[in-house]
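Dear colleague,

Please find the sequence and the coordinates below, followed by an account of what was found.

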Amino acid sequence: MTTVEPRIFPFGQVDRLEVDPLFSRLRQEEPLCRVRLPYGEPAWLATRYEDVKVVLGDPRFSRAAAIGRDEPRMRPHRSRPDGILSFDPPEHSRLRRLVSKAFTVRRIELLRPRTQEIADDLVGAMLAKGAPADLVEDFGLPLPITVICELLGVPVEDRVDFRTWSDALLSTTRFTPEEVVRCMGLLREYMAGLIAQRRQTPKDDLLSALVAARDNEERLSEEEMLSLAEALLVAGHETTATQIPNFVYVLLTYPEQLATLRADLDLIPRAVEELMRFVPLGGGASIARYALEDVELGGVTVRAGEPVVVSLVSANRDESVYTNPDDLEFDRQQASHVGFGHGAHHCLGAPLARMELQVALRTLLTRLPGLRLAGSEDDVVWKTGLSTRGPEHMLVTWDRPRRPYGPNR
């Protein structure tokens with residue numbers, strides 16, 4: 001095993017949206033370096049775009065091999081061994097196929113009108129209440145939570161509870177290990193109750209489809225079904241709920257790009273892709289992959305049995321791939337970003353997230369003219385102690401809206 005003294009990771013402050021300049025130096029001088037995360041054994045950290053894609057997409061790097069190991073991680077708790085993120089193909093593919101049809105681009109486009117209706121209702125409530133509004137609580141969180149609840153078949157009125165459970169699952173320091181275990185148990189109990197209801201009275205939702213796959217076709221175990229349902233609920237809202245205020249914050253601090261977008265709303269899909277590349281959602285590293293054999297990567301040999309983590313943030317700022325990577329450019333024509341990951345574990349909900357982010361930006365820019373922070377940048381309250389970073393609270397204000405307004409399609 002390699003004995004190079006590891007660096008302490010993550011680097012610098014990870015509670016805001018700055019990218020530590022050390023990543024740039026590592027990409028140039030030490031693209032694969034030894035690191036020690038807050039928990040688990042030391043690992044290699046990949047920082048270059050091409051190396052990151054190899055680790056995430058090459059079958060020589062395994063997620064399943066992490067089971068039974070003290071895998072390097074940002075959080076005190078380990079991944080569930082029966083969760084979809086703990087499997088390699090073909091087991092991972094088996095579980096993914098059970099739900100992938102619900103997240104195709106075509107199926108997600110069918111959800112756009114309903115998502116637009118939810119967004120309009122939320123902005124309508126903000127207008128009725130009057131400025132300032134908390135963009136996180138009044139819009140960023142309820143939009144994706146409502147959409148994923150309706151898709152899965154989860155009562156949206158329970159969102160306060162599962163938001164707490166979701167924060168616990170993503171906790172680095174906000175919750176104690178004991179609190180995390182307790183919240184994980186409550187989430188599993190909650191999901192088990194909903195699944196029991198669907199067995200009694202099936203509905204036209206994704207939970208009912210999972211129950212049918214389990215009971216009628218035996219395509220997954222009971223524990224796999226529960227873990228998959230939990231993962232869909234948490235992942236189906238958390239990242240988008242964080243990125244909506246992140247994107248708005250970045251746009252408000254880049255007035256030229258914001259003006260360009262306001263002048264041409266058809267740029268929104270491209271803007272979403274560039275913001276996904278530019279905005280550092282995570283504060284740490286990916287879940288670890290273990291080398292199944294010796295692999296030459298980033299100028300070093302990763303030995304069989306050694307774990308590797310990747311920085312998506314660093315890969316998305318790689319100078320060898322992107323011209324002026326630290327600039328926000330909506331007309332960028334270069335390689336696709338890895339904001340949704342890569343390979344077998346590429347984000348299943350990426351089409352849903354893209355659609356929600358497009359709807360969110362169009363609705364906010366159309367119905368809230370002059371949208372701006374209600375105060376200074378220093379007044380934004382940032383999340384702490386979680387593996388995602390973004391505003392906890394962000395007060396915004398706007399000019400008197402124009403009337404009448406039409407559909408924001």
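This is a predicted model: local features need pLDDT of at least 70, side-chain atom pairs count only at pLDDT 80 or more; totals for chains, interfaces and linings use all residues.

Residues are numbered from 1 along each chain as its sequence is written, and side-chain values use heavy atoms, with hydrogens and water left out.

**The sheet**

Helices (H or I, at least four residues) and strands (E, at least two) are DSSP runs, numbered from the N terminus. Two strands are taken to pair if DSSP finds at least two bridges between them. On this basis, six strands form an open sheet with mixed pairing, in the order S1-S2-S3-S9-S6-S4. Its edge strands, S1 (7–8) and S4 (61–62), each pair on one side only.

S2 (residues 32–36) and S3 (residues 43–46) run antiparallel and are joined by four bridges; Leu32 stands opposite Ala46 in S3. S3 in turn pairs with S9 in the parallel sense over three bridges, with Leu45 opposite Val309 in S9. The pairing of S6 with S9 is antiparallel, over two bridges, and here Arg289 faces Val308 of S9.

In a regular strand the side chains alternate between the two faces of the sheet. In S9, Pro307 and Val309 point one way and Val308 and Val310 the other, and all are buried (under 20% relative accessible area, 1.4 Å probe, protein chains only). Helix H2 (residues 49–57) lies across S3, S4, S6 (289–291) and S9 (307–310), at about 125° to S9. Contact here means heavy atoms within 4.5 Å; axes are lines fitted to C-alpha atoms, for helices over the stretch in contact, and angles run from 0 to 180 degrees between N-to-C directions.

H12 (residues 268–278) is mostly covered, with eight of its eleven residues buried. Among them are Ile268, Leu275 and Phe278. The cover over these buried residues includes helices H10 (222–252), H11 (255–263) and H14 (350–367).

Val380 lies in the loop between S10 (372–373) and S11 (381–382) and is buried, with a relative accessible area of 6%. Neighbours within four places in sequence aside, Val380 is in contact with Tyr249, Leu373, Pro391, His393 and Met394.

**Pocket and cavities**

On a 1 Å grid over the protein atoms alone, a cavity is a set of points where a 1.4 Å probe fits but cannot get out, and a pocket is an open set with protein on both sides within 12 Å along at least five of seven lines; lining residues have an atom within 4 Å of a point. Grid points are joined across faces, edges and corners, and a volume is the space filled by probe spheres set on the points.

The second largest pocket has a volume of about 550 Å³. Its lining comprises 23 residues, of which Ala102, Arg107, Leu151, Asp205 and Leu206 lie nearest its centre. H4 gives the most to this lining, with six residues.

Three cavities of 30 Å³ or more were counted. The largest has a volume of about 100 Å³, and its lining includes Arg163, Asp167, Glu238 and Lys383. H10 gives the most to that lining, with three residues. The second largest cavity has a volume of about 80 Å³; of its 15 lining residues, the closest to its centre are Phe11, Val14, Phe23, Gly283 and Arg389.

With kind regards

Methods. Buried means under 20% relative accessible area, exposed over 50%, partly exposed in between (1.4 Å probe, protein chains only).
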